[in-house]
Amino acid sequence: MSGPWEQIPLFALPEATLTISPASTDDVVPDDDDDAVSVEAGVPIAADQADSEAAVAAHPESSEQWDVADAPTPPSSEVDSEEMDSAAVDGGDEPTEIAPAETATSEAATAEPTTAADALDLPASEIEPTATPRTPVWEALPAGDEADGHALIVTAAGTYTPSGRELTGPVDSVEKLDKLIRWAALTPLGAPAQIWVVGQAACELLGWIIDPGSEDDVDDMEALRTRAAQELTAVLQAALTPLLNAGWELRGDPGHVVHLSRSIGNFTSMVDVVIEPYVWTYWNKDFGWHNRVGDMGILGSPTAGTYLPDDDLPAARELGRRLAWCAQHLGVLPGPTPARTGAALVDKIKRERTRSGKGIVVTAPGSVPPLDGPPRGDLEPAVGWTRVPDAQDLDGTGRLVSIDQRAAYLASAGMLEFGYGQPQHLIGDNAAVAAVGEKGAPFGLWRITLPPGQALSLPEKLPLPHPHMLADQPVQTWVTTVSLDGLCSPVADGGIGAELDDLDITEAWVYLQQGRTLDKWAKILREARKAAVDTDDEATKRFLGTCYKGYIGRMVNPDMWTATRMQHHHQPLWRAAIIAHCRWRGRRVAMRIAREHGRWPVRTVTDSWVYLLAGGEEIADPSEALGKMSVEKDVVLTDTLLSAFTSAQDVHEVNLAIKAAFAEDEGEGAL
């Protein structure tokens with residue numbers, strides 16, 4: 001936004017409401033961390049499909065500002081029956097219509113105010129604008145105004161649109177927060193409409209103050225996080241009383257995100273308030289490592305240097321940029337966690353496909369079928385393996401290089417065909433015959449017997465082809481179709497060269513419906529990642545990484561998707577297939593490197609491989625495509641470190657030497 005405007009002193013709200021971009025019909029999603037669903041304020045959703053069109057006001061085609069006196073309700077978007085169902089609260093509640101924030105009070109229902117000041121019952125002294133023209137608070141925002149009308153940023157100095165327009169003075173009471181929410185009439189964008197409270201000072205103005213102690217006073221950051229989270233919930237439950245008295249309800253316990261809803265008749269208004277200074281009270285639980293706070297979604301990572309700036313205004317500016325970037329490149333607002341952002345994008349695509357009738361639409365969870373005997377941990381574990389280097393490995397080497405697959409999970413998610421719907425149970429010959437199809441084995445799980453590794457002609461300097469395989473005895477286990485194909489691949493391509501008969505298939509669960517269900521999801525994330533890489537935007541690149549990793553990682557856990565309209569995200573077999581695909585792809589590359597360079601890895605963890613190399617040796621893939629091997633770390637070994645590899649007697653000592661070498665490269669000390 002480029003033109004000058006007048007600052008609104010204190011907390012007076014302008015008589016014209018915010019400029020709100022037309023909301024798409026895929027902007028309603030279930031809530032995140034509780035069983036309730038969260039649909040943003042300002043979006044009507046009909047209770048049933050028959051009368052939905054009569055109950056929903058169409059969004060204006062233009063995004064011009066309007067006066068409250070001229071418009072009894074803010075704009076809203078049309079929604080379809082899929083969105084109506086997604087507004088139902090899990091646990092048997094009927095879907096409700098989602099009303100504009102202004103209609104959620106008795107005053108709005110009885111008479112239209114002539115000005116915003118009248119509507120918010122503010123004294124005249126607070127609504128007189130200053131005579132000094134104002135330009136945007138941040139004039140060089142790299143992203144545009146895509147998040148405007150969907151999110152607001154609150155600091156101790158005032159409130160802003162993500163693009164930098166200053167709206168009001170400080171929000172120094174919960175009552176004013178209520179007025180701000182109702183006036184703003186934010187519309188959804190895939191995730192709930194959001195009010196971001198940035199900076200400790202803004203929290204103090206609202207009375208949201210906790211003092212759990214210092215990290216220097218505890219031995220375990222998790223203990224501090226737990227204490228802080230409990231204290232925050234207690235403080236918010238007491239401080240939010242004015243909101244509750246005004247008709248708002250809390251969906252779940254308040255914490256770093258406060259899920260608000262307000263109902264009148266068949267209408268419900270919802271909005272999420274995200275408290276930036278306290279996001280860590282939740283995040284360290286999932287993303288902390290060794291007492292360090294890890295990635296915190298769109299806010300970034302303190303340890304990686306991508307978190308928001310320390311000062312409030314620069315922090316608000318950077319958050320606004322990231323919100324706009326996310327809206328522009330993903331078409332959704334960031335969820336409270338990266339996994340929820342990934343889920344919001346899946347649901348956006350799901351609604352588009354439902355309306356168009358084109359593309360695969362998955363509506364049910366893909367729980368693990370009842371297997372004959374429990375699987376050994378993960379259905380398809382990631383590999384973790386180390387070996388002691390021999391004289392040939394050490395000859396002429398002076399570098400330690402780690403290569404890994406570029407965005408491995410994202411690459412596999414976009415190219416694999418996944419099964420969905422009801423699986424078919426097959427036993428005996430029927431299971432064996434099913435694996436021999438015209439297009440190969442269908443997606444599913446197969447009960448096979450892995451032969452002893454030492455009975456096969458396999459490379460000694462690679463891990464066994466499947467993590468469940470043992471060297472000295474056969475193992476009966478369940479594998480995905482991806483592993484079935486991998487085992488049948490030639491040894492030169494990383495497999496064991498098995499025939500299907502060699503694997504003794506005795507049972508299977510196969511899916512008659514299958515397809516590339518995540519292809520568009522992966523394409524959007526891939527293009528967004530490229531935009532971040534091309535502009536050296538490390539913060540958004542890391543955020544996207546946590547989105548697809550977090551979403552795929554949480555496919556396995558049904559507790560993450562307890563809301564009725566979120567259960568289709570529970571897809572443990574998809575996750576297992578993705579992990580298996582990355583593992584087999586890495587093994588195939590390791591075999592190629594051995595053929596072309598005569599080098600074998602000394603360690604592999606998940607999708608990374610560690611090699612001892614000579615100066616000038618390059619083993620990474622030249623391609624920039626996702627899934628290809630890129631250099632992760634490249635360290636010149638000192639004599640001390642090289643000696644550590646030479647003298648290593650077991651894999652533990654090798655792991656210590658690798659850790660020391662990479663730590664020295666990062667400035668964390670050496671062996």
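A residue is buried when its relative accessible area is under 20%, exposed when over 50%, and partly exposed in between (1.4 Å probe, protein chains only). The model is predicted: local features need pLDDT of at least 70, side-chain atom pairs count only at pLDDT 80 or more, and totals for chains, interfaces and linings use all residues. Residues are numbered from 1 along each chain as its sequence is written, and side-chain values use heavy atoms, with hydrogens and water left out.

**Strand 11**

- Strands (E, at least two residues) are DSSP runs numbered from the N terminus.
- Strand 11 spans residues 399-405, and because seven of its seven residues are buried, the rest of the structure largely encloses this strand.
- Burial extends to both faces: Arg399, Val401, Ile403 and Gln405 lie on one side, with Leu400, Ser402 and Asp404 on the other.

**Pairing of strand 11**

- Two strands pair if DSSP finds at least two bridges between them.
- Strand 17 (residues 608-613) runs antiparallel to strand 11 and is joined to it by six bridges; here leucine 613 is the bridge partner of arginine 399.
- Seven bridges link strand 11 with strand 18 (residues 629-636), also in the antiparallel sense; serine 630 of strand 18 is the bridge partner of aspartate 404.

**Glycine 158**

- Glycine 158 belongs to the loop between strand 3 (151-154) and strand 4 (159-160).
- Its relative accessibility is 0%, so glycine 158 counts as buried.
- Contact means heavy atoms within 4.5 Å; leaving aside residues up to four places away in sequence, glycine 158 touches Ile153, Thr168, Gly169 and Pro170.
- Proline 170 is 12 residues from glycine 158 in sequence, with a C-alpha to C-alpha separation of 4.2 Å.

How values were computed:
Helices (H or I, at least four residues) and strands (E, at least two) are DSSP runs, numbered from the N terminus.
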